[in-house]
Structure formats: C-alpha cells, structure tokens
Amino acid sequence: MSLKHEWITLQGIRIHYFQAGASRAPVILLHGGGTDSASLSWGHLIGPLSMHYQVFAPDWPGYGASDRPAVEHSLSLYISILADFIQVLSIEKPSLIGISMGGAAALGFTLANPERVNKLVLVDSYGLQDRFASHALSYLFVHLPLINEFSCALVARNPSMRRASLAAIFSQPENISDELMALVTEEVQRPGAGAAFRSFQKNEMSWRGMRTVYMDRLPEIRVPTLILHGAQARLVPPRFAYEAHQKIEGSQLVLLENAGHWPQREQPEEFLKVVENFLG
C-alpha cells in the first residue's frame, strides 16, 4: 500500500489529505473534532480499505497538517470544504464515512447533494441530538474562554490528563495503546491545537441546545446508509442511533459491543468488517 501525503488549496486554505488505493470506488474518511485528525481517526484503516477502494482522508482546517486559519469554524465551513474537495479532485460519487463532527459534515453534504454520494456511513455522528447531557454546564465550559483554554493547555502538558480525556470516549480504557497516546500527544502539541474546535463549539452550542440538529431531515436521505455506533458510547448515546435508523428508510444499524465514541479505534477489525460488508 502506497500512502501519499497530498495538499490542496481550497478557499485559500491549504488542506492536507492522505490518499491511497487505485480502485475506481472512492471513499472519503472524515474525522471528528476535539483533538483529532485524519491520522488519529483513520490512519490504521486507510491501508486495509485501500486494498479495495480509492481512499481519501483529509484534515479539516485547523486540524492535523492542514492550515490553521483565523476564521469562524462552523459546520457550514466544513461542508463547503468537503464540496470543494470533491469537485476540485474530480471524485465521482464517493462513499462518505464520517465520525462525530465528520459524520455531521457527511450528513449535511448528502442532504444538499444526494446525487453526488454513493453510500453514507455515520459513526457516532454529531448532528443527531439536540442537547448534550448536562448541557448547561457544557455551555458554560465552552463559552468561558479562560476555563476552556486552560483545560486544553493542561491536557497538552500533562500525559495523565491526555490519557484521562481519551479514556472518557473509550468503553475500555485498557484499549488505549501507547501508539495511540503518542499520536494524541503529537496532535495536542501542534501550534494552535484545539483552537478550531473551541471556535466550532462556540458556534454550535447555544444555551438552549445545539445549532445543528438533522434528525427531522433524516427521512430525506435516500442513499444507502449505515449507522455504526459504539454500544457504550456516552458522548452520543446509542438511543440517537436507533432514532436515526428509524427515520432513514432502508438504513442499517450496527452497534459495536465494547466500544465507545471511537469504535474504529476500540474494535478496528470488527469495524472494518462491517464497513466493507456494507460498501460491497
């Protein structure tokens, strides 16, 4: 497998992406927010997927090796970046696989451009729930900048805090490998790490709830859809996956046991098997 590091400039922002595989069946992997990147979410799966598909995995603006522009980070920005990425690279009817924030971007793009999407895979997707648990406390945390920035700085400096923050999205903390911790450390110590997600959170989270909630629009989706969720996910509880499954006609729902918000990292072999069976 030849994994290429590539760059493309979209809307004046230099975007880094991985590309692998020579198949005519394109797949785009979209990572989430927080301390994430294409490498963190998908690096271990790009190789296996590229055996059967042409794989693209971009870093969103403000993440990984992409530029970190001083702009307002919003879901509409990411959806427009995805649209330009597909158009400029002439990717014909890709399948989209998005986790968390990346799932919401895949959802938004599919709703706006159903004819341009082959299949859709939503992994613990953002954009399904109207509020987070303890929403008022989450709102205060996000909108009090000194607290938010201090917490990010603490995680960047303290290995124990990094492991604890990662354990919060894992079902079984013992699944956190030293290799994964090294990748997380690399991301949190990049200049400006976390700034894009803080901007996104402020844009998306109001006192009353989340700005982006696609649940009522899910019946519009007609492309084949797989909803793949960690059975022990706490950030996006599985009940939202069940509700989405009911609303998307013909969708498939798979809950991966012993997995939290990052099922592709906790149960990579089972995750890959389910995804490849769905993509065909």
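The model is a predicted one, in which local features need pLDDT of at least 70 and side-chain atom pairs count only at pLDDT 80 or more, while totals for chains, interfaces and linings use all residues. Residues are numbered from 1 along each chain as its sequence is written, and side-chain values use heavy atoms, with hydrogens and water left out. Of the 280 residues of the chain, 52% count as buried, where buried means under 20% relative accessible area, exposed over 50%, and partly exposed in between (1.4 Å probe, protein chains only).

**Nonpolar cores**

- A nonpolar core is a set of buried Ala, Val, Leu, Ile, Met, Phe, Trp, Tyr and Cys residues joined through side-chain atoms within 4.5 Å, and the largest one here has 48 residues, with Ile28, Trp60, Tyr78 and Leu218 making the most contacts inside it.
- The largest share of this core, 9 residues, comes from α2.
- Apart from this core lies another, of 36 residues, among them Val184, Val188, Trp262 and Leu272.
- Leaving aside neighbours within four places in sequence, Trp60 is in contact (heavy atoms within 4.5 Å) with residues including Leu30, His31, Tyr78 and Ala105.

- In helix α7 (residues 178-188), the residues Leu180, Met181, Val184, Thr185, Glu187 and Val188 are buried.
- Seen down the axis of α7, these buried residues fall within an arc of 160° (taken from the directions from the helix axis to the C-beta atoms), so they line one face of the helix.
- The face of α7 turned away from its buried side carries Asp178 and Glu179, which are exposed.
- Helix α6 (residues 159-167) packs with α7 at an angle of about 110°, their axes being 11 Å apart; axes are lines fitted to C-alpha atoms, for helices over the stretch in contact, and angles run from 0 to 180 degrees between N-to-C directions.
- The two helices α6 and α7 are therefore roughly perpendicular to each other, a term that covers angles of 65 to 115 degrees.
- Where they meet, Pro159, Arg162, Arg163 and Leu166 in α6 face residues of α7 that include Asp178, Leu180 and Met181.

**The surroundings of Thr212**

- Thr212 has its place in the loop between α8 and β7 (225-230), and Thr212 is buried, with a relative accessible area of 10%.
- The C-alpha atoms of Thr212 and Asp130 are separated by 7.8 Å, although these residues are 82 residues apart along the chain.

Technical notes. Helices (H or I, at least four residues) and strands (E, at least two) are DSSP runs, numbered from the N terminus. Angles under 35 degrees count as roughly parallel, over 145 as roughly antiparallel, 65 to 115 as roughly perpendicular and the rest as oblique.
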